[in-house]
Amino acid sequence: MPFQQGLGAVQRAEHLNLVHRREEERLTKTKAQQLGLPYINLDIAPINMEALVSLPESDAKMAQMAIIQRTSEKAYVALADPQNPKAHEILQDLKKEGVNYNTLLTSKSSLNKAWKLYKMYKPPQDEIEGTFIIHAEAYDEVEKSVSSVEDLEQALISQTKTLP
């Protein structure tokens, strides 16, 4: 009995998807070798979120690329089409900023995986800093309603005013 006959419809679809993805990666790897570029599979490669979001998602999609690692001096850029004009424009902008970059060829499916991470990104929260004045009445009110450190923190935030 062939392998496919023993699978349900969902399993067959998953199997076919896996076969398709493997073939797409194999073809991309072959294309990378032909172009003399390194190949990267973003399904298994680490992607730095700060690097990724340093390029707006809309630009990344137009350029068919993702910045996967970045410092102030160096960037690793995965792209699906090395001839994409928007990709060339972004790479030139990096160069103008003094950022050296390495380009790596990746599949469109790998890029889709990277682009999904944009939705998971949460920008760092601003911390409250400065000098605070707590009026005696506010302090008394806070003292009555506080039963934990978290309660205290929330109460202080809602009852305090920062000085200019």
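Me: Which way do α1 and α5 lie to each other, roughly?
Reply: In this predicted model, the axes of α1 (residues 9-35) and α5 come within 9 Å and cross at roughly 110°. Axes here are lines fitted to C-alpha atoms, for helices over the stretch in contact, with angles running from 0 to 180 degrees between N-to-C directions. Angles under 35 degrees count as roughly parallel, over 145 as roughly antiparallel, 65 to 115 as roughly perpendicular and the rest as oblique. α1 and α5 are therefore roughly perpendicular.

Me: And which residues of α5 make that contact with α1?
Reply: Contact means heavy atoms within 4.5 Å. On the α1 side, R21, E24 and E25 take part. Their partners in α5 are K108, S109 and S110.

Me: What kind of model is this?
Reply: Residues are numbered from 1 along each chain as its sequence is written, and side-chain values use heavy atoms, leaving out hydrogens and water. Local features need pLDDT of at least 70 and side-chain atom pairs count only at pLDDT 80 or more, while totals for chains, interfaces and linings use all residues, as this is a predicted model.

Me: How many helices and strands are there in the protein?
Reply: Both kinds are DSSP runs numbered from the N terminus: helices are H or I with at least four residues, strands E with at least two. From the N terminus on, they run α-α-α-β-β-α-β-α-β-α-α-β. That gives seven helices and five strands.

Me: Is Q64 buried or exposed?
Reply: Q64 sits in the loop between α3 (57-63) and β1 (65-70), and a polar atom of its side chain lies 3.0 Å from the backbone oxygen of K61. Buried means under 20% relative accessible area, exposed over 50%, and partly exposed in between (1.4 Å probe, protein chains only). With a relative accessible area of 19%, Q64 is buried.

Me: Which residues have the most contacts inside the largest nonpolar core?
Reply: A nonpolar core is a set of buried Ala, Val, Leu, Ile, Met, Phe, Trp, Tyr and Cys residues joined through side-chain atoms within 4.5 Å. Elements giving two or more residues to this one include α3, β1 and α5. Of its 31 residues, those with the most contacts inside are L42, M65, I68 and V77.

Methods:
A polar contact is a pair of N or O atoms within 3.5 Å; within protein, one must be able to donate a hydrogen and the other to accept it, and residues adjacent in sequence count only if both atoms are side-chain atoms.
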